[in-house]
Amino acid sequence: MFFILQQALQAPTQLQTLPQYSGHGAEVDADLMQQVLEESGKFVAEVVAPLNRDGDEIGAHLRGGAVTMPPGFRDAYQAFWQAGWPSLACATEDGGQGLPAVLEAMLYEMLSAANHGWTMAPGLLHGAYECIKHHASDELKATYLEKVATGEWLATMCLTEPHAGSDLGLCRTKAVPQADGRYALSGTKIFISGGEHDLTDNIVHLVLARLPDSPPGPKGLSLFLVPKFYEDSTRSAVFCERIEEKMGLHGSPTCVMRFDEAPGWIVGEPGKGLNAMFVMMNAARLHVGLQGIGLLEAAWQKADTYAKERRQMRAPGGNAKAGEADLIEAHPAMRRILDTQRAWIDAGRVVAYRTAVELDIIKHHPDAQRRETAGRWCALVTPVLKAAWTDQAFHGASACLQVFGGHGYVREWGIEQVVRDARVAMIYEGTNEIQAIDLLLRKTLPDGGAALRQLLADLGTELGNDEQAMRAKTELTRFIAFLQARLLPRATAKNAPADLPHWLADDFLRAVAMLLMAWAWARIGAAGGAVAPRWQTAQTSFWRWVWPEFDMRLSMMQDTLDRG
C-alpha cells in the first residue's frame, strides 16, 4: 500500500505542494503518512478484525425498537472514535486532525477488508461531516459538526423509500414547517444502514423530504437533519420498524425507519436537497470502491494462504517428493485465479489513492486550473472505481472460493462470508448500471467527450517511454480515436435511437476501467515494480488475463453501434 502511495503516485510530494500540508507546524511528509498507516493497520488487525465472524454469525438484533449490535462492536467503536480515527481528514477547527483524505481512504480500505459489517457504521461519517460543514446553518454546526467530525455521534443517509429505489424523484416523505422554525418529518425510509444501533449515544439522520409546496421530481426535494435525541435529551419520533434479513453483511443493521412528525431542521436551501446530499453520496461512492478493493484483498489473502499450505494432486511441473501431492499454488489454474485478483487489487489501489489525492487538490490547491483538473478526475473516475471494483470484489472473491474447493463452501474458512458480504456493494450508492449510465450519458456525451478525452490524454502524458508505458499510451490513443470517430458521432446523431447510449453504457465503463488499469500498472512499473517479482507477476497477469476484456468490450460496442 505504501509503495503505491509513495513510489507509484508520489503522493507525499504532491500533497506537500498544498499549503494545508506544508509548513507552519502542519507538515505532512512520507514518514508521517507511513506512521499513520502502520498504526491504522495495528488497530484494524487487533481490534476490528477479530469481531468479523461473530458479526456475521450473531448479527444485529432488533428488540422493542432498539438494535443491539454483535458482541464487541460497541467497545471497538468507542475505542475507534476516542483514538481519533474517524477525524483523520476533518479540519482541525472542527475537532479533526487535518490529515490528507488519502490516509482516511486507506484506513477504510483496511477496515472493509477486516470487517465490512462493522465498517458500515462509520462509513458515512465523513460524507455527513462535509454535508453539514458546507450546507448547514451556523446553529446546526454548533451542535452537530464536531460530534460528527470526531465520530462521537454516527450519522445516516435516509434516501430510499419502499416504492422508490434509486429513483429519488419519487420520494414522498413530507416536511411541514412548524412555528418554532423546525419541520415535522413524516414518512418511511428503507435500507438505512445503521438507522438504529447501540454504538453511540446519538444518531444524526440526514433525510430527503418534500416541503408542502414543492414540485414533483428531484427538484422538489430538500434535506433535513433529525437527531435520535435532541439537546434536552428527549427522543425524536423516529422509529426502527424492522431490520432486513440479508444475504450478508449481518453485522450491519439495515433498517426500515419511520418518521412520525419528527421535528428536524432544514440543511441548505429549500428544493436543493440533492445538491447538499450529493456531497455525501459522492464520498460514499469512493468509499464503496474502496470496499471493493478491501474485500477482494481479504479474499485473496485467505485463498493465497490456503494455497500455500494445502496439498492437492500432482501439479504439471510440480516439485513434490515422490508419493506426495503438490501445494495448490503450484497448479496453473489456481495460480491464474490468484494472480488475476492481485492485478485488480494493486491497480485499484493506484486509481483509488489517486482519487483521494485529487479530492485534497480540489479543496486546497491555489491554482484554479489544477483544481478544475482534479474535479474532472473525480467526476469521471469515481463511477468507474465504484462499479468495476465492486463487481470484481464479488466475482473475484467467488473465484478465490474456488481455490478452497469444497472447503470454501463451508463457513469454517470465512471465504464464503466475503462472497456474501461483497455482493451488496454492486447495488448500494447507485447500482453499477447507474454508475455506467452516469459516466456515459451525464459525463461524456453532453460535452462531446471533451472531458474524458482530456483525462485519457493526460494519463498518457504522465507515462514514460518504457515498454509498459508505451503499450498503455497506445491503447489510450486507440480508445480516444474510437470515441471521436465512432462512438460519439453515432450515439449523438439526430437519427440515433434514444436508448442507444444506454445499451453501450456498461461496456463503455468496463473499457475505461481497463484503460485506468493499464495506466496504473505502467505507473507501478515506472516506480520500480516491474523488476520486483511481487509486482511483475501481477503485471504480467493483468496483460494476459484481464486486458483482453478491453478488446471484447470494444467489439461489443462496435456491434451495438452498427445495429443501432
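I count two rings of Phe, Tyr or Trp (its six-membered ring) as a pair if their centres lie within 6.5 Å; planes under 30 degrees apart are stacked, over 60 edge-to-face, and the rest tilted. The model is predicted, so I ask for pLDDT of at least 70 for local features and 80 or more for side-chain atom pairs, while totals for chains, interfaces and linings use all residues. Residues are numbered from 1 along each chain as its sequence is written, and side-chain values use heavy atoms, with hydrogens and water left out.

**Aromatic rings**

I searched the whole structure for aromatic pairs and got 23. Which residues do ring pairs link into a cluster? I found F479, F482, F508, F542, W543, W547 and F550.

Next I looked for charges over rings. My test is NZ of Lys or CZ of Arg within 6 Å of the ring centre and within 35 degrees of the ring normal. R182 has its charged end over the ring of Y230, 5.4 Å from the centre. R235 has its charged end over the ring of F229, at 5.9 Å from the centre.

I take helices (H or I, at least four residues) and strands (E, at least two) as DSSP runs, numbered from the N terminus. Axes are lines fitted to C-alpha atoms, for helices over the stretch in contact, and angles run from 0 to 180 degrees between N-to-C directions. Angles under 35 degrees count as roughly parallel, over 145 as roughly antiparallel, 65 to 115 as roughly perpendicular and the rest as oblique.

At what angle do α12 and α17 pack? I read about 100° for α12 (residues 368–403) against α17 (residues 500–526), with the axes 9 Å apart. The two helices are therefore roughly perpendicular. I then listed contacts, meaning heavy atoms within 4.5 Å. From α12 I noted W377, V381, P383, V384, A387, A388, W389 and D391; they meet L509, R510, V512, A513, L516, M517 and W519 of α17. I sorted the residues of this contact by class: 13 are nonpolar, none polar and two charged. Here Ala, Val, Leu, Ile, Met, Phe, Trp, Tyr, Cys and Pro are nonpolar, Asp, Glu, Lys and Arg are charged, and the others, Gly among them, are polar.

On the α11 side I have R342, A343, W344, D346, A347, V350, V351 and R354. On the α17 side the list is R510, M514, L516, M517, W519, A520, W521, R523 and I524. This contact of α11 with α17 has twelve nonpolar, no polar and five charged residues.

**K386**

I went back to α12 for K386, which lies in that helix. Is K386 buried or exposed? My scale is buried under 20% relative accessible area, exposed over 50%, partly exposed in between (1.4 Å probe, protein chains only). K386 is buried, at a relative accessible area of 0%. Leaving out residues up to four places away in sequence, K386 touches partners including R285, V288, Y428, E429 and Q435. Its C-alpha is 9.9 Å from that of A436, 50 residues apart along the chain.

P122 is in the loop between α7 (116–119) and α8 (125–135). I found P122 buried, with a relative accessible area of 0%. Residues up to four places away in sequence aside, P122 touches Y77, F80, Y108 and L154. In helix α5 (residues 73–82), I logged F73, A76, Y77, Q78, F80 and W81 as buried. G84 follows α5 and has a positive phi, near 90°.

I noted the background first: most residues other than glycine have a negative phi. L249 has a positive phi of about 55° although it is not a glycine. L249 sits in the loop between β8 (238–243) and β9 (254–267), and is buried at 5% relative accessible area. M313, also not a glycine, has a positive phi near 60°. I placed M313 in the loop between α10 (273–309) and α11. M313 is exposed, at 56% relative accessibility.

**Two more positions**

S233 lies in the loop between β7 (221–227) and β8. I found S233 exposed, with a relative accessible area of 58%. E433 belongs to helix α14 (residues 432–442). I logged E433 as partly exposed, at 45% relative accessibility.
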